[in-house]
Amino acid sequence: MNTASAYKEKMKELSVISLICSCFYPETRNKLAPDLEDMEVKPINKRASGQAFEVILKPLSPLSDVAHSLPSPPKRDISLDDIEKKLEAAEERRKFQESQVLRTLQEKREHERDVLLKAMEENSNFSRMAEEKLQLKMEQNKENRQALLAAMIERLQEKERHAAVVRRNKELRE
């Protein structure tokens, strides 16, 4: 029970601190530390990490409930006109925020449309360029085939001329 009494002593020290603070802030004296009579400290079995306590707070009595209650803010007389002005201001803020959101959404939609148009244009350009390259390659292949064919015909004609010369020479020898 020695540790429980030590804990109570520490709580008394806290109440002394709250008493000193109450000299500077008298309205908060009751709020800083609970009364020691409203609390019961029970030691729990020792643990490897040290002492353990259970602090039981007793329910507040009706008299202490009044002492611990927070003071209500001073009441102001608010007229119907003030309330209507506040409601109108809140409605204007809501409309302004709504217009900001709509403007942002519209800007995003326009940006997305621009991005989509640009992507479509780039796709079209890419397709056109690919088609042009294919046409150019096909024309080059056609020209290459024609050149190859012309070269083969030229060689055949040369062989034909050579054969004709060989035939003439053979005839002349005979």
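## Helix α4 and D82

Helices are taken here as DSSP runs of at least four residues, numbered from the N terminus. In this predicted model, helix α4 covers residues 80-173, and D82 is found within that helix. With a relative accessible area of 34%, D82 is partly exposed.

## A patch of negative charge

On the surface, D82 gathers with D81, E84, E88 and E92 in a patch of negative charge.

## Salt bridges around R94

Side chains of opposite charge can pair when their charged atoms come close. In this model the count comes to 5 salt bridges, and one of them joins the side chains of R94 and E91, with an N to O distance of 2.4 Å. These two residues lie 3 residues apart in helix α4, which means that R94 and E91 are separated by about one helical turn. Both belong to a network of salt bridges that links E91, R94 and E98. R94 is partly exposed at a relative accessible area of 38%, and E91 is likewise partly exposed, at 32%.

D114 counts as partly exposed at 42% relative accessibility, while R113 is partly exposed with a relative accessible area of 49%.

A further salt bridge is formed by E132 with R128, where the closest N and O atoms are 3.7 Å apart. Because E132 and R128 are 4 residues apart in helix α4, about one helical turn separates them. E132 has a relative accessible area of 46% and is partly exposed, and R128, at 41%, is partly exposed as well.

Conventions. Residues numbered from 1 in each chain as written. Predicted model: local features only at pLDDT ≥ 70, side-chain atom pairs only at ≥ 80, totals over all residues. Heavy atoms only, no water. Patch = residues over 30% accessible without salt bridge, like charges linked within 9 Å, V, L, I, M, F, W, Y side chains within 5 Å. Areas by Shrake-Rupley, 256 points an atom, 1.4 Å probe, with all protein chains shown as cover. Salt bridge = Lys/Arg side-chain N within 4 Å of Asp/Glu carboxyl O. Lys, Arg positive; Asp, Glu negative; His and termini not counted. Charge placed at Lys NZ, Arg CZ, Asp CG, Glu CD. Buried < 20%, exposed > 50% of the residue type's maximum accessible area, 1.4 Å probe, protein only.
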